[in-house]
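Dear colleague,

Please find below the structure that I am handing over to you. My notes on what was found in it follow directly after.

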Amino acid sequence: MIVFDKLWAVMREKNISQYKLINEYGISPAQITRLKRNENVKVSILNTLCNILDCDICDIIEFIKDE
């Protein structure tokens with residue numbers, strides 16, 4: 001399972017809120033909700049987040065093997 005727990009830590013570190021992602025960077029509130037729920041998101045959203053946060057993909061997502 002892919003989880004986005006690391007994303008929230010990086011956002012705190014870079015002082016970028018969900019509000020800022022939505023209102024300044026145009027990320028859809030629905031995509032934020034999907035990230036919170038560890039649901040499927042578009043690769044383009046992940047690309048945009050990496051650009052906004054100036055980080056690598058492995059800094060914001062993690063794979064946890066299903067049991």
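Which exposed residues does the face of H4 turned away from its buried side carry? In this predicted model, that face carries Val43 and Asn51.

The buried residues of H4 are Ile45, Leu46, Leu49, Cys50, Ile52 and Leu53. Viewed down the helix axis, they fall within an arc of 165°, so they line one face of H4. Their packing partners are H1, H2 and H3. After H4 comes Asp54, which has a positive phi near 50°.

With a relative accessibility of 12%, Leu46 counts as buried, because the cut-off for a buried residue is under 20%. Leaving aside residues up to four places away in sequence, Leu46 touches Phe4, Leu35, Val41, Ile57, Ile60 and Ile61.

Helix H3 spans residues 29-36, and Gln31, Ile32 and Leu35 are buried in it. These three cover an arc of only 105° around the axis, which puts them on the same side of H3. Among the elements that cover them are helix H1 (5-13), helix H2 (18-23) and helix H4 (43-53). The N-terminal end of H3 is capped by Ser28, with a side-chain oxygen 3.1 Å from the backbone nitrogen of Ala30. Just after the helix, Asn38 adopts a positive phi of about 55°.

The cysteines deserve a separate remark. A disulfide is a covalent bond between the sulfur atoms of two cysteines. How many disulfides does the structure hold? It holds zero. Cys55 takes part in no disulfide, and the nearest cysteine sulfur, that of Cys50, is 4.4 Å away.

With kind regards

Note on methods: Residues numbered from 1 in each chain as written. Predicted model: local features only at pLDDT ≥ 70, side-chain atom pairs only at ≥ 80, totals over all residues. Heavy atoms only, no water. Buried < 20%, exposed > 50% of the residue type's maximum accessible area, 1.4 Å probe, protein only. Helix = DSSP H or I, 4+ residues; strand = E, 2+ residues; numbered from the N terminus. Arc of directions from axis to C-beta. Contact = heavy atoms within 4.5 Å. Polar contact = N/O pair within 3.5 Å; in protein donor to acceptor, adjacent residues only side chain to side chain. Disulfide = S-S within 2.5 Å.
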